[in-house]
Amino acid sequence: SSPPPVPLKQSLEKNVEEFIPRENLILRDVLGEGEFGSVYKAIYQTKEGYEEEVAVKTLHDQNRTKNKDQFLKEVKVMVGLNHHCIVRLIGLSSGPELLMVQELAPLGSMLVYILKHQNNISVSDLKLWAWQIACGMQYLAKQKRVHRDLAARNILLASRNQAKVSDFGLSRRCDDRDYYTASQGGRWPIKWYAPESYNLARFTSASDVWSYGVTLWEMFSYGQQPYGEMRGQDAIDLVEKGERLERPDNCPIEVYQTMERCWHYHERDRPTFDQLVETFTDTTYINV
Ligand code: ACK
């Protein structure tokens with residue numbers, strides 16, 4: 001098996017197991033297909049000798065440098081993050097495939113869960129998850145990191161009462177001015193993007209707030225596709241004209257008003273994640 005990349009090893013912090021020997025991982029069922037390979041449920045035998053269920057992301061095409069770079073970028077962004085509303089990175093293994101070991105979120109993607117269990121999910125479940133996502137994002141913003149791909153498909157459910165932000169494949173550490181300017185190319189989730197992101201490739205916590213608003217819309221519409229079948233460019237035109245996604249049926253007014261605040265054209269007019277956490281903590285809001 002190939003040796004682990006040195007710079008990454010150096011950047012790993014205390015709360016992450018460094019390299020997990022391949023023989024300490026037993027891969028079980030496939031949970032789904034990720035961007036670069038399958039995601040497995042696995043048993044991890046820890047150094048202390050106990051067994052833990054984990055999720056293992058694989059990288060199939062090891063020879064594609066671009067994929068490998070992006071895979072390792074995700075690892076780097078996750079290193080050192082420690083919050084109950086963010087999926088925890090446990091470590092990295094190679095043997096010979098590169099494997100990323102993460103905390104298992106047994107209920108899988110929130111989007112799939114919502115679509116499957118529509119009739120059993122109440123507005124208060126959705127509000128709880130919305131609050132937890134805001135908490136995870138508040139922590140991320142404090143760590144000066146932007147997610148860039150916040151969407152319902154990238155939220156995992158550890159249990160019915162615990163949503164976690166995941167899929168840091170597109171995220172970056174912010175530079176000093178707190179934003180990331182993307183270079184050319186790449187596949188972008190345009191319908192989740194703030195105007196300054198699709199116009200100027202500018203990504204900040206404020207553009208994450210816009211995406212958070214779209215994520216709320218997906219949740220309260222019970223898994224509908226934002227802007228339906230519309231092409232990305234047409235969705236942009238609509239936003240530029242000042243139009244926004246409509247209030248989903250049965251979405252409480254105050255939740256829709258929160259979405260609308262997230263979709264203010266100018267970054268400075270949007271709430272911060274601190275304010276969003278507060279909004280969802282407000283008891284009157286929770287009980288409406
Ligand atoms: O809906 P799912 O089962 O949840 O299908 C997708 C698939 O892998 C591709 O992303 C699942 N997945 C990804 N990371 C995890 C994790 N940490 N715990 C559980 N499932 C995961 C995701």
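Student: What makes S1 stand out in the shell around the ligand?

Tutor: In this predicted model, S1 supplies 3 residues, the largest share of that shell. Strand S1 (25-33), strand S5 (98-103) and strand S6 (108-109) each contribute at least two residues. The shell has 16 residues, and the closest to the ligand include Gly-32, Val-39 and Ala-55.

Student: How do the residues of the shell divide into nonpolar, polar and charged?

Tutor: The shell holds 8 nonpolar, 6 polar and 2 charged residues. Gly-32 and Gly-108 are among the closest residues, and Gly counts as polar under the definition applied here.

Student: Why is Lys-57 called buried?

Tutor: A residue is buried if 20 or more other C-beta atoms lie within 10 Å of its own. Lys-57 has 23 such neighbours, and therefore counts as buried. Lys-57 belongs to strand S3 (residues 51-58), and an unreviewed UniProt entry lists Lys-57 under "binding site".

Student: Which residues is Lys-57 in contact with, leaving aside its neighbours within four places in sequence?

Tutor: They are Gly-34, Gly-37, Val-39, Leu-99, Met-100 and Gln-102. Val-39 is also one of the closest residues to the ligand.

Student: How do you know whether the span of helix H4 is close to the expected one?

Tutor: The expected span is 1.5 Å times one less than the number of residues. Helix H4 (residues 123-142) has 20 residues and reaches 28 Å from its first C-alpha to its last, close to the 28 Å expected.

Student: Why is H4 described as largely enclosed?

Tutor: Of its 20 residues, 14 are buried, so H4 is largely enclosed by the rest of the structure. Lys-144, with a positive phi near 60°, follows H4.

Technical notes
Residues are numbered from 1 along each chain as its sequence is written. This is a predicted model: local features need pLDDT of at least 70, side-chain atom pairs count only at pLDDT 80 or more; totals for chains, interfaces and linings use all residues. A residue is near a molecule or strand if its C-beta atom, placed from the backbone, lies within 6 Å of it. Helices (H or I, at least four residues) and strands (E, at least two) are DSSP runs, numbered from the N terminus. A residue is buried if 20 or more other C-beta atoms lie within 10 Å of its own, exposed if 12 or fewer, and partly exposed in between; C-beta atoms are placed from the backbone. UniProt positions are given in the numbering used here, feature names are shortened, and annotations may be inferred rather than shown by experiment. Two residues are in contact if their C-beta atoms, placed from the backbone, lie within 7 Å.
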